[in-house]
Each structure stands twice: as structure tokens, then as C-alpha cells.
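Reader: Hi! Could you walk me through this structure, starting with the aromatic residues?
Author: Happy to. Here it is.

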Amino acid sequence: MGGLASVNDDILQNILFRLPALSFASAACVSKSWNKVCERVLSCPKLASALSLNPSLPDAVKEVLEKVLSGPIRPQFAIASIGLQFSWEAAHQLITEKLGSRTPVITNTACGIIGRDAVTNTMREVRWHMIPEEDGSNSQEPDDFSRGIVLIVGFLPGLQVDTIPLLRPKREHRVPMIDKFMMDIRNYTDSVSGCIAPAGIILFGDQHIDMTPVLAEIDCVMPEETVIVGDASSHFLCRSGHSSQDYNADLYFFDAVALVFARDKDKPHGVGETRFHATLSTGVMPFGPELKAVSVTAKGSECSWLTASMNGYHQILDIQRLLDDISDEMDDESPDLYIGVIQKRPSSIEPEKLEHRTYMAFYEVLGGDEEYLVVNGVGIKPGDTFLFYHSDSDTASSSYLNAFESLKVLKSASSSKNPYSIRDAAAGDNGGVFGGLIFSCHFRGESYFESFPFYSNFPGAPLAGVVCNKEIGRDSTGSSMWQLQAKEESPARCSLHVCTTVYLVLSYVPPSPNLLTN
């Protein structure tokens, strides 16, 4: 032991850096001096991710866990996205047992996964397509169809992380408790940060829940600097890092869960700042005149039937003729058609605000007849204005390149001299981008290698991605906004998208040298 005690700190740090997570945790308990060196190794943030397409769930989970825990890391959170043919309950149990009770974990189902293979280290993008049978069921061929997992874990010094659910009572009013959800996020952030604005939120919504009003409230309450991304249409399980925050599943439905990243007011000396950045690649294009909903009939919670007129006119449009004209003008035989509805609503969280919040919500067009336009979802009101949108490959290509350029600018700004090095970042020598997540719409198809804009700019940084149906992305650059006609009105924000890929990029700014010497 005397020989080990005399080892130079730099040499010891080099040794500890090579240890897997569990051995590293044990080394931190050897002595105060070793613990100090371990803290230095973990003075900078770190993400670790891995993907497995092993058709055996236990083997797939084992592969990704071994990979993400193969280096020194102290997981503060974990997100696991799995194929629809895996048991998400079983996957969640395996992961939570391995990571321990103090690590917040979210396990969600996905239409596809993106990441580096745990065995081959090659970048993989997998999109699973359900093939409908004549009897209405879905075929799963081959046997490994829709079987796979991507796991990302993170350690972000200077931040506190936890899961906060959106609850809906099973017995009483049975409506989502959005006001409590927002208050819980604020209270948690205030308790660890001393302010009510999180640095970032990764949000997962249940596929049977309309997340539009939830996102509108979040957008109204949270300042612009809070980055919000996620998947609005999945199945998920979650676990808080604090047992006191666990809720009785017999009393509540979990309509959504937010993974909240709050700045730590008690962060250790010498720790820099983790920053969140989001950029979007959209694949839809507006066309036609601005229309107005005249009457709206909601059919349960599934769809809405509405009549419409040209904005500023009273004559009700012949919807069937309108849809026929649209179909004739489209290049694709069966275009994906949506309406983007501008909705002005008072905030239920902050009713004292006199001005209404203005946001845009997308609704898939299901069809229509001479009188009614039928769209998927509810929430439209008479007087709401809207435009038609259609999926467009040229728009997707242009936006895809724009996302690449946006990340290229971020690369230049965050690390202008040296390329990203995982080892340097762990040793505290470099700042810059250290990882990211992708939320990509499965309707975009396989024409685009969605990870390319990220890994081509940050080739050494860990990356994990989810292919989903409704992607969440709060775009602070305004590229997703629809400017209203009236100049005095604020632009309509959009956080819930279609045919879009959302990129979340995490970067690290080291502490000022002046702070380190004080």
C-alpha cells in the first residue's frame, strides 16, 4: 500500500480514468487523497451511450449497461429507449436494479433508435415499420423485428437532475394536473437553484394524451433560455432519484414525465457550466391561403370535425373540393397533410396575465366531405386561423443542411482550437460539446442519416437518438415560428412538431482561470 500511496497524482489520475464505473466508485472510497483525484476526474460533465440490436432483452440490456459503465462515471440520470417488441417493464427493472435507487431513470418505447453499437462501435440508425395484415394486426418479421435498445447515462456536475411526472387522478376529475406539474417543476428547480427556471427539460408524453395544451403552458411559464425537447407519443416508465417523489400508481395515471435539469446553487468550486442547445430540421412546408375555423365538433378525444372559410370572408368552403385541389397539386401520390393552427389562449397557470399566449399546433388531416374537414386530435376552437402544411422533401433537405450548419457554428464557438476528446474532457483540460440526443420523426423515412449533422461536427461525442411520432422541440431561434399577420402581435411559437428532427446538444464551459486561483 505504501507504493500506491506515493504514486504521483497525475499518474493516479491516468490510472483511475481507465477504470470502469463500479471499480472507479470503489477507488474513490480508498482514501481522502484518492477521493480527491476521483473528484478531479469527474470535474467535467460526461455522457455515455450505447445501442444493442440483440434480440434477447436481458442480453441487449447487459450489452448497453456494460458499455456505458465501462469508464468512470457517476450516473445522475438514464434514458433507455426500446423497441416495441421488448417488454419495457422488464427493461426498466433490469436498468434500475443495475444503476441503483438514487439514479432517475426513464424507459420509453420507440419507433426506432439511433446510436453507436455496443459491440462494433459503428453508428446505427434503425427505423421499425409495422406492416398491417388484412385482419388489422401487425406482422413482425423477421423474429428480431422491433427489438433493440439505446441507453444514455449522464453525469453533469453543477446540475441537479430528477424526474417529475404529470399526474391524472384515476378516481376524481380525471383531468391532467397541469398546474401541479408546472408547480412541481418550479419548486424542484427553486429548491436546488434558488430560481424557478431549469436549464433544460427532456419531456416524454403518453401516446394517448394530447400534449399540445401541456406544451403551451410550459412555453408560457418557462423563460426562453430553458431548452425543451422530447417525445410526445410513447409508452414510458419513470423513477425518481428520491423515494419521497414516488407517486402511487393505483391513484394516478402518468400522462407525461419531465427530466428536469436545474443548476446547483451549491456546485463545487472549480466546476464550470453545462449548456443546452437545440436546433431543428423540419420536413413540412406551408401552402395556400390563411383559413379560419367557423365551427368545430370534437368527436371524443380522437378527432375534430370543422367547417372553414377564407380568413376575412363568410362563405363556407367546400372541403372535399379543396382536398381534391390539394391532391392534384401535390407531387407525391399520397402526401402527408396537416393543418398548422394558430391558437390564442389564456394561461390556466398564470391567469393574471392579460395577454393570451399564442402558439401553433399541428393536426394531421384525416379526410373530409363537402362540409367538414376531419383532423386528428382536439383543441381547435371557432375563430382559430390555420394554414395547410404538407411533407416536402426539398424543405427537409434544405432544413437538414441548415441543422448541419447550425451545429457547425456551435462547434466553432465552443471549441475553436482543439477537436473534441473524451479523455481531455474527463481530465478537465477542454470545454466544448460533450454529447447529444436526437428526436426524429419516423415519417421522414430513411432518406436522411439523421445523426450525420451531429457526428460529422462532433465525431468523438456520445450520441443517442429516438425515432418517434411527435417530436418536441422548443426552437429559440424562431425557425419554427409562424409570423402572424398583425405586426403588433407576437409570433406563434411551436413546440410540438411533425416530420421534424430535433437535435439537443450539450456543451461545457470551463470555469474562469481567475475563479480557480481564488
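Author: Phe 404, Phe 449, Phe 452 and Tyr 455 form one aromatic cluster. Rings of Phe, Tyr and Trp (its six-membered ring) pair if their centres lie within 6.5 Å; planes under 30 degrees apart count as stacked, over 60 as edge-to-face and the rest as tilted.

Reader: What should I know about where these values come from?
Author: This is a predicted model, where local features need pLDDT of at least 70, side-chain atom pairs count only at pLDDT 80 or more, and totals for chains, interfaces and linings use all residues. Residues are numbered from 1 along each chain as its sequence is written, and side-chain values use heavy atoms, with hydrogens and water left out.

Reader: Thanks! How many aromatic pairs does the structure hold?
Author: Eleven aromatic pairs. In one of them, Phe 77 and Phe 261 have ring centres 5.2 Å apart and planes at 85°, so the pair is edge-to-face.

Reader: Which strands do Phe 77 and Phe 261 lie in?
Author: Phe 77 lies in strand 2 (residues 77–82) and Phe 261 in strand 13 (residues 252–263), so the pair ties together parts that are 184 residues apart in sequence. Helices (H or I, at least four residues) and strands (E, at least two) are DSSP runs, numbered from the N terminus.

Reader: Is Phe 77 buried or exposed?
Author: Phe 77 is buried, with a relative accessible area of 2%, and Phe 261 is buried with a relative accessible area of 2%. Buried means under 20% relative accessible area, exposed over 50%, partly exposed in between (1.4 Å probe, protein chains only).

Reader: And Phe 362 with Tyr 389, what kind of pair is that?
Author: Phe 362 and Tyr 389 are edge-to-face, at 5.0 Å centre to centre with 85° between the planes. Phe 362 is in strand 18 (residues 357–368) and Tyr 389 in strand 20 (residues 385–391), so this pair ties together parts 27 residues apart in sequence.

Reader: How many bridges join strand 4 to strand 22?
Author: Four bridges join strand 4 (residues 112–116) to strand 22 (residues 463–468), and the two run antiparallel. Gly 115 stands opposite Ala 464 in strand 22.

Reader: What does Ser 281 touch?
Author: Not counting residues up to four places away in sequence, Ser 281 touches several residues, including Ala 396, Arg 444 and Cys 499. Contact means heavy atoms within 4.5 Å.

Reader: Nice. What about strand 13, how does strand 10 pair with it?
Author: Strand 10 (residues 200–206) and strand 13 pair in the antiparallel sense over six bridges. The bridge partner of Gly 205 in strand 13 is Ala 256.

Reader: Last one: how many helices and strands does the protein come to?
Author: The secondary structure comes to 13 helices and 25 strands. Of the 518 residues, 52% count as buried.

Terms used:
Two strands pair if DSSP finds at least two bridges between them.
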